[in-house]
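Visitor: I'm new to reading protein models. Could you walk me through this one?

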Amino acid sequence: MIMKTLTLLTTILTVFSNFVYAQNAKEILQKAIDLMYGKKTYSVITMTITKPAWSRTVSMKAWSIEPDYSIVYITEPARDKGSVTLKRKNEVWNWLPSVQKTIKIPPSMMLAAWMGSDFTNDDLVRQSSIVNDYRHSLLGKESFGGYECYKIELVPKPEAGVVWGKIITWITEKGYMQLKEEFYDEDGVLVRTMLGSKPKMFDGHLLPSYSEMIPHDKPGNKTSFETKELDFDVNISPEFFSIQNMSRIR
Amino acid sequence: MKYYFLFSWRNLWRNKRRTLLATSSIFFAVLLTVLFAALNYGQDDDTMRMSVSLSTGYLQIQEKGYWDERSLEKSFEVRDGVLGMVRSFPRITLANPRIESVALVSYGTETRISPVIGIDPETENRMTGLKKRIVKGSYLNDSSQGILIAEGLADRLHLSVGDSIVLFSQGYQGATAAEQLAIAGILHFPVPKMNDAMVYLSLPKAQTFFNANRRVTSIALMVDDPRKVHAVQSSLSQKLDPDLVLINWEEMLPEVVQAIQANDAGSLLTFGVFYVVIAFGVFGTIMMMTIERTREFGLLISLGMKRGRLFLVTTLEAVLISMVGAIAGLAVSIPVVFYFHHHPIHIWGDLAKAYESYGMEPIMSVNADASLFYSQTIIVFIIALIASLYPLFVIRKLRPVSALQGRNGKK
């Protein structure tokens, strides 16, 4: 009798604590997202694409209002200078200065690599929200990159149109920086890892200045980003992200 | 033994008409099956030759891993002398370098995604007959800056010769490839999938566009004899760089291999029906002969001839008839098949037009492989032999008295 009661109690407690944890996990994620969400930013970024046989560095300036709008202006290499990528909600447009033309990326090209990187056009515009489209559970606390982190597991809700089977993310206890994300496919195989490091103060916000994406299905491939400059509260509005403006920005 | 043979030989000549009848049924059976097989395998040859020459070639030199990834990252640099070496390699009749990728084709506000192929215009035309497909404008040459575009794609983008379109893609090592190009010609393809998509550039132009100087994604090879593809594949691959592979059409076009297998499976059924008809035809002839000879067999047995010896004599007769019939059939079918092998049958009418629209010669090829002759001859010979064993069965059950009374040897 006592055993039974105990078992029941434990079960109730487990369910309850899971519930509490779930709340916590969602809040933690929300705080991590809020670091950038809705902020009007200007940044200078250097992207390095590493392939087994070669590597390539692309420098760019970017303006964005997370998560819906961004515009990226390529400054280097010389061959690509002046190319502009505009993301507006779920559309991607390209401005090609050499032919003075704007092209909307058709759906069939959305899975093609962006600028030769390990990111696809689809990665740039994916609308799924890690807060609303997933169920979250706090797996515990773990130290990562010298920071005490929350380890949170995200499993997509059945109705969400999400490509991943599961995501595990590490978020720092202090500052809510996302330092690591592991993306698993439906079979539970680790497909890609995102790593964030070298936190810096940018315009009063502490954020990782270096991040890299490692696709595990392509050994020897890596795409990394180094944020050189990041300004908040720049004077832009959604109208800034227009097709006409693509050819004007410098 | 000699006497048995002599006995059988005389038996055969005793009733020439009967022998001729049996022999000719086997003769025609061999002729028929050999011709049918020659046509059937000829059709397979046509399917293979057409598919191969319109697309991949019999063999392709590629960078290792290209076929799985189909990416410019798996292109390779054509070193000096490589094309010359391959072109002068025994049995290779043509080496066609290409660079293939996909690009966005944009005109006005419309954008489509298309396969883009950089071709050596002269060699490509010799292999696939691309020049014939021009319906408007002109074909390319090595220094052409323009592009060729498939008719269906041109229609969708409302384009005609002289208009300029924008090609946008990702070049070698992630470089941006974007260029405005004028349309030199419009191509018509009978295959809708190609007619709605294909874009061609001259090879040098495509290499500049894709930022892939001197690189190609494949060199397609044609050989003079399709049966020697595997031999050429193994001898040539030893001469190539270790980073390159030589793969054959069977690996690149599994759907064609399947089509050929499906055709062969279908004709296997036809062959089966043929063999059954032949077996019954031969069996009918032999049965008639046996019934005709019941009295003779009865007489021989009553005179003291051992049944075993009679077995031997009739078996020898059967072997002789089958052999002569089969060899005669073979002897006649060889010149017939070889004549049609060298003078393929021309198709006419609507079917011919259909063939031509697919860029195929309207002919039915006839295969003249040695294996086809002996396999069919041996099969028919064995069928004939089995059917000819019927007399043994009769002789074993024969009762001399009733046989002599003309009651077919039954009780």
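Visitor: What percentage of the residues in chain B is buried?

Guide: A residue is buried if 20 or more other C-beta atoms, placed from the backbone, lie within 10 Å of its own. By that count, buried residues make up 37% of the 411 residues in chain B. Keep in mind that this is a predicted model, where local features need pLDDT of at least 70, side-chain atom pairs count only at pLDDT 80 or more, and totals for chains, interfaces and linings use all residues. Residues are numbered from 1 along each chain as its sequence is written, and chains are lettered from A and ligands numbered from 1 in the order in which they are written.

Visitor: What radius of gyration does chain B have?

Guide: The radius is taken over C-alpha atoms, and the globule rule is 2.2 Å times the number of residues to the power 0.38. For 411 residues, a compact globule would come out near 22 Å, but chain B has 32 Å. The C-alpha atoms of chain B fill a box of roughly 100 × 45 × 30 Å along the principal axes.

Visitor: Into which domains is chain B divided?

Guide: Domain bounds come from an automatic or database domain assignment. Here, domain 1 covers 2-52 + 257-404, and domain 2 covers 58-251. Their centres, taken over C-alpha atoms, are 50 Å apart.

Visitor: How many residues of domain 1 of chain B are in contact with domain 2 of chain B?

Guide: Two residues are in contact if their C-beta atoms, placed from the backbone, lie within 7 Å. Eight residues of domain 1 of chain B are in contact with six of domain 2 of chain B. Helix α2 (residues 16-54) of chain B gives the most to the domain 1 side, with four residues.

Visitor: And which strands of chain B supply residues to the side that touches chain A?

Guide: Strands (E, at least two residues) are DSSP runs, as are helices (H or I, at least four), and both are numbered from the N terminus. Across the two chains, 15 residues of chain B are in contact with 20 of chain A. On the chain B side, β3 (92-107), β4 (110-119), β7 (164-170) and β8 (176-187) each supply at least two residues. The most come from β8(B), with four.

Visitor: How do β1 and β2 of chain A pair?

Guide: Strands pair if DSSP finds at least two bridges between them. β1 (residues 40-50) and β2 (residues 55-65) of chain A are antiparallel, over 11 bridges. They form a hairpin with four residues between them, and Ile45(A) stands opposite Met60(A) in β2(A).

Definitions and conventions
Buried ≥ 20, exposed ≤ 12 C-beta atoms within 10 Å, placed from the backbone.
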